[in-house]
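Here is a report on one protein model and its ligand. Look over the sequence and the structure before reading on.

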Amino acid sequence: MFGRRNAPVNAPAAPAKSAAKRGSVAAKKPAPAAAAPAQKSAPPPAAPPRVIKPSNDSAAEAQPVEIGGRSDEYFQTKTTIFNALIDTIDLSQLSQLDTETAGEEIRDIVNEIISIKNVQMSIAEQESLLQDICNDVLGYGPLEPLLARDDIADIMVNGANRVFIEVGGKIQLTNVRFRDNAQLMNICQRIVSQVGRRVDEASPICDARLPDGSRVNVIAPPLSIDGAALTIRKFKKDKLRMADLINFGSITPEGAKVLEIVGACRINTLISGGTGSGKTTLLNCMTGFIENDERIITAEDAAELQLQQPHVVRLETRPPNLEGQGEVTMRDLVKNCLRMRPERIIVGEVRGPEAFDLLQAMNTGHDGSMGTLHANSPREGLQRIESMITMGGYNLPSKTIREMIVGSIDIVIQAARLRDGSRRITHITEVLGTEGDTIITQDLFVYDMDAGEDENGAILGRHRSTGIARPAFWDRARYYGREAELAAALDAAAE
Ligand SMILES: Nc1ncnc2c1ncn2[C@@H]1O[C@H](COP(=O)(O)OP(=O)(O)OP(=O)(O)O)[C@@H](O)[C@H]1O
Ligand SMILES: [Mg+2]
């Protein structure tokens, strides 16, 4: 009984299974001993008192989605038992045990508490309670059932009582909640400490990664006013492939064929789009068309790409430590890439002065390099590259920068998350040249949304080719022997 402070005495060995009540989710009789639990650790003074039921809040228009069928009574019972558990065991000793042993220890004690307090619950309820309590003590607490689901794209926690998820492009409020802001902060701390970082009042902003690769951002009080805000972009184990994008209607088979040729013929590509529009997913799909014998170097803020090729070097930036030292920026990585004899450089997200180095790489023999950036249209994407270079302190006339952009970037692909939640590739656009001071582009494919919406609010759009039969990269496609396929795809799209 390692880790136990004072074991409950005279506890019957078996839990009160006989009192099982099938069909009811909640435990019927929370123990009276700890009738006013939960608010043990008061929220920091900056945080206003919390509303317990999210559905009472006027901002919550929709009913929260049920995760695991937990009711209010269940949460009360859980808090009672959890508090009794905390009084019984020494958490610091428990943390020295391996997860399995610690889990068993917790299970033993919780079973005893349940029978001593004579809490009536079914075996299934008891099992989920045990699981939840183990998750609270050893794992990511209430987040665990959300993390276990592969259909969730994002988890957004706005303080202890409001947890949103994005499923199928739609954001939904859930019934998941934390005991209090202190538990939420604890879990945030647990997550970021795994990558050697801290989050507290002194350093309230932190990026981290879960062991499964999910990208995490925490912003803690006092910066975030109503308790810590935790955002998780779930790592999809089975990344979407181009075939999935076709199935979802994000792109047509002909459009996908053109993208395949773009990827295979080493055409410099920029993927532009808003937050969560599917840029990284698309970049990952595009890298699937790279030949196996090419040396590829990827540079990302948090490694998300999953390249299948054998010859890949993956690099990741590093934030500064608490003393503000040791930062390695994207620019440092891209510059270093050039000394690593890459054939292609893939930059997860271009957002600063590294744009200059990427462009240089693109027109100095690293054809087929790719990157993503935040912008709402291909044209805006090119403008953003220009402003990133200007803001990077390069003292170049804007005409020179534009010529450099035109000389480096061949194709811009625009990804968008539409208002109905669907994700589409809305433009495949070529960069042709400059006319005076203006960059000239030409759309090959666009997504038309003129047809409005159906009765369910789904956008009735359609991909169409703009009728360009000979794109500017035609010669390049011919060089790689892909011109017949390109012509066929463009012809089919034009019909
Ligand atoms: N075409 C698509 N259809 C449906 N879901 C998609 C599509 N593309 C991406 N997704 C899903 O949308 C979520 C966000 O995708 P992704 O990470 O690629 O976006 P992003 O634009 O890179 O986001 P960020 O700006 O945060 O980096 C992921 O869960 C992904 O699986
Ligand atoms: Mg991304």
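Helix H9 (residues 279-287) gives three residues to the shell around ligand 1, the most of any contributor. Helices and strands here are DSSP runs, numbered from the N terminus: helices (H or I) have at least four residues, strands (E) at least two. The ligand is surrounded by 16 residues, with Ala153, Ser250, Gly278, Thr280 and Thr281 the closest. A residue counts as near if its C-beta atom, placed from the backbone, lies within 6 Å of the molecule. The shell holds four nonpolar, eight polar and four charged residues. Here Ala, Val, Leu, Ile, Met, Phe, Trp, Tyr, Cys and Pro count as nonpolar, Asp, Glu, Lys and Arg as charged, and the others, Gly among them, as polar.

The model is predicted: local features need pLDDT of at least 70 and side-chain atom pairs pLDDT 80 or more, while totals for chains, interfaces and linings use all residues. Residues are numbered from 1 along each chain as its sequence is written, with chains lettered from A and ligands numbered from 1 in the order in which they are written.

The protein chain has 15 helices and 15 strands. Of its 495 residues, 39% count as buried. Buried means 20 or more other C-beta atoms within 10 Å of the residue's own; exposed means 12 or fewer, and partly exposed lies in between, with C-beta atoms placed from the backbone.

The largest nonpolar core has 62 residues, and Val258, Val334, Leu358 and Ile413 touch the most other members. Such a core is a set of buried Ala, Val, Leu, Ile, Met, Phe, Trp, Tyr and Cys residues joined through C-beta atoms within 7 Å. Helix H11 (residues 354-362) supplies the largest share of this core, six residues. Another core of 27 residues lies apart from it, with Leu143, Ala153, Ile155 and Ile232 among its members.

Which strands form the open sheet, and in what order? Nine strands take part, in the order E9-E8-E10-E11-E7-E12-E13-E14-E15, with mixed pairing. Strands pair if DSSP finds at least two bridges between them. Within this sheet, strand E7 (residues 269-273) and strand E11 (residues 370-374) run parallel, joined by five bridges. There, threonine 269 stands opposite methionine 370.

| Partner of E1 | Bridges | Bridge pair |
|---|---|---|
| E2 (residues 163-167) | five | aspartate 154 and glutamate 166 |
| E6 (residues 229-233) | five | asparagine 158 and alanine 229 |

Four residues lie between the strands in the hairpin of E1 and E2, where glycine 159 takes a positive phi near 80°.

Some loop residues deserve a look. Asparagine 118 is not a glycine, yet has a positive phi of about 60°. This residue sits in the loop between H3 and H4. Is asparagine 118 buried or exposed? Asparagine 118 is exposed, because 11 other C-beta atoms lie within 10 Å. Valine 119 is found in the loop between helix H3 (99-116) and helix H4 (123-138). Valine 119 counts as buried because it has 22 C-beta neighbours inside 10 Å.

Arginine 266 also is not a glycine and has a positive phi, of about 55°. Its place is the loop between helix H8 (253-264) and E7. With 22 other C-beta atoms within 10 Å, arginine 266 is buried. Finally, the peptide bond from proline 221 to proline 222 is cis, with omega near 5°. Proline 222 belongs to the loop between strand E5 (215-219) and E6.
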